[in-house]
Amino acid sequence: MNKTKLYFTLAISLLLSFIAKAQETASYTKKIDSIITASVPIQFNGVVLISQHGKIQYLKSNGYKDFEKKIPLKTDDQFEIMSNSKQVTAVLILQAAEKGLLDLQTPIKKYLPSLTMPWADSVTIHHLLNHTHGIVDTHKPSAFKAGSQFKYGNLSYILLGQILKNTTGKSFTELANALFKKINMEKTFVFNSSDNQSLVPGFMNNQNQFTKVEETFLSEDIAPAAGIISTVQDLSKWNQALFKGKLLSSRFQKQMLTASTTSQHNVFGKESMGFGYNVRIIREAGLDYYGVTGLGDGFTCLNVYFPSTDTSLIILENQMPESREYWSFKEASIKNIVLKSIVSK
């Protein structure tokens with residue numbers, strides 16, 4: 001084959017590859033469009049972003065920032081990300097461990113000496129990170145032996161926020177906001193009752209009738225568990241930093257992303273799957289990926305990362321269905337489309 005034919009063959013090959021990729025993107029774009037614009041069985045009100053290798057492949061908003069004034073959402077609006085916040089707290093704890101300021105296997109009594117219940121001498125930071133601590137109230141006996149069961153909740157991450165302050169000398173807000181600045185998450189911040197910047201309000205959805213949440217349950221105390229405000233673009237930056245090893249050493253990144261217990265969530269199927277330090281380790285349709293969800297205060301959130309293709313799917317809604325059967329309903333539908341598009345390659 002002469003050089004002219006070789007160049008021609010390569011050009012055709014590249015063109016076909018480009019066309020195939022464009023068709024594939026157009027295929028899932030159309031399907032996702034239909035999901036976010038459909039009002040049945042429940043209306044979608046939020047922003048969807050898909051990025052690959054840090055570059056945006058899909059970014060659209062649908063619905064309203066304010067239903068009463070009919071102000072439409074923008075793709076860079078800021079949402080409460082609920083339990084997605086816990087992932088940030090987990091990273092800050094592991095960074096403190098890297099510096100030798102705390103030990104994950106040490107009972108928390110060392111770091112929170114004011115605790116008086118016996119479980120403080122057996123529950124470790126590790127147990128708090130993966131929700132296997134058994135603590136239901138800091139003044140009551142534990143519900144089960146540390147490490148024996150999984151029970152998701154906010155309390156353990158509130159305690160982790162206190163541990164951070166006691167071991168680093170800085171508040172969770174100071175530590176988190178410094179981390180966001182470091183990785184250029186310019187529109188992400190920790191909730192502050194005196195300054196919520198341009199945070200969109202949350203709404204409860206009852207049969208597509210939206211009622212504004214007038215009083216948030218967020219406070220400075222609960223911030224390490226649910227108090228971070230962000231955008232889909234900034235969470236894409238977070239994924240690139242976390243999963244590309246820019247936030248933690250390989251040792252602690254592996255520890256965070258290794259299943260140390262199991263848990264079930266309907267977004268990812270009916271079976272129990274691995275759970276690390278506030279990250280779900282999922283195997284679905286023959287593909288391994290990571291996910292974290294958030295729900296409450298009139299918000300619904302999903303952040304999924306597919307390492308095989310370096311793809312992030314991030315969905316932020318400022319509406320929460322009152323009916324449990326529709327919790328994260330559209331999030332799961334969109335995730336399944338992206339999953340199928342990756343598996344079918």
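This section describes the strand pairing, helix packing and salt bridges of a predicted model.

The model is predicted, with local features requiring a pLDDT of at least 70 and side-chain atom pairs counted only at pLDDT 80 or more, whereas totals for chains, interfaces and linings use all residues. Residues are numbered from 1 along each chain as its sequence is written, and side-chain values use heavy atoms, with hydrogens and water left out.

Helices (H or I, at least four residues) and strands (E, at least two) are DSSP runs numbered from the N terminus.

Buried denotes under 20% relative accessible area, exposed over 50%, and partly exposed the range in between (1.4 Å probe, protein chains only). In a regular strand the side chains alternate between the two faces of the sheet. In β15 both faces are covered, with Thr-311, Leu-313, Ile-315 and Glu-317 buried on one side and Ser-312, Ile-314 and Leu-316 buried on the other.

Strand β15 is joined to strand β1 (residues 46–52) by 7 bridges in an antiparallel arrangement, in which Gln-52 stands opposite Thr-311. Strand β14 (residues 299–306) likewise runs antiparallel to β15 and is joined to it by 7 bridges; here Thr-300 stands opposite Glu-317. The hairpin of β14 and β15 has 4 residues between the strands, and Asp-310 adopts a positive phi near 50 degrees in it. On its pairing with strand β13 (residues 287–296), β14 contributes to 7 antiparallel bridges, and Thr-300 of β14 is the bridge partner of Leu-295. Strands β1 and β2 are also antiparallel, over 7 bridges, with Ser-61 in β2 as the bridge partner of Val-47. Their hairpin has 2 residues between the strands, and His-53 takes a positive phi near 55 degrees.

A further open sheet consists of 3 strands in the order β8-β7-β16, with mixed pairing. Its edge strands, β8 (209–212) and β16 (319–321), each pair on one side only, and the twist averages 30 degrees from one strand to the next. Strand β7 (residues 203–206) runs parallel to β16 and is joined to it by 3 bridges; Pro-321 in β16 is the bridge partner of Asn-205.

Turning to the helices, α2 (residues 85–98) and α4 (residues 155–168) pack at an angle of about 35 degrees, and their axes are 10 Å apart. Their crossing is left-handed, a term for the near helix being turned anticlockwise from the far one by less than a right angle. The contact (heavy atoms within 4.5 Å) brings Lys-86, Thr-89, Ala-90, Leu-92, Ile-93 and Ala-96 of α2 against Tyr-157, Leu-160, Ile-163, Leu-164 and Thr-168 of α4. By class, this contact has 8 nonpolar, 2 polar and 1 charged residues, where Ala, Val, Leu, Ile, Met, Phe, Trp, Tyr, Cys and Pro count as nonpolar, Asp, Glu, Lys and Arg as charged, and the others, Gly among them, as polar.

The count of salt bridges comes to 6, each defined by a side-chain nitrogen of Lys or Arg within 4 Å of a carboxyl oxygen of Asp or Glu. One of them joins Asp-234 and Lys-237 (3.9 Å, N to O); these residues are 3 apart in helix α7 (residues 232–243) and are therefore separated by about one helical turn. Asp-234 is buried at 4% relative accessibility, whereas Lys-237 is partly exposed at 34%.

Lys-244 forms a salt bridge with Asp-310, with the closest N and O atoms 3.0 Å apart. Lys-244 lies in the loop between α7 and α8 (250–256) and Asp-310 in the loop between β14 and β15, so the pair ties together parts that are 66 residues apart in sequence. Lys-244 is partly exposed at 41% relative accessibility, and Asp-310 is buried at 7%.

Definitions and conventions:
Axes are lines fitted to C-alpha atoms, for helices over the stretch in contact, and angles run from 0 to 180 degrees between N-to-C directions. Two strands pair if DSSP finds at least two bridges between them.
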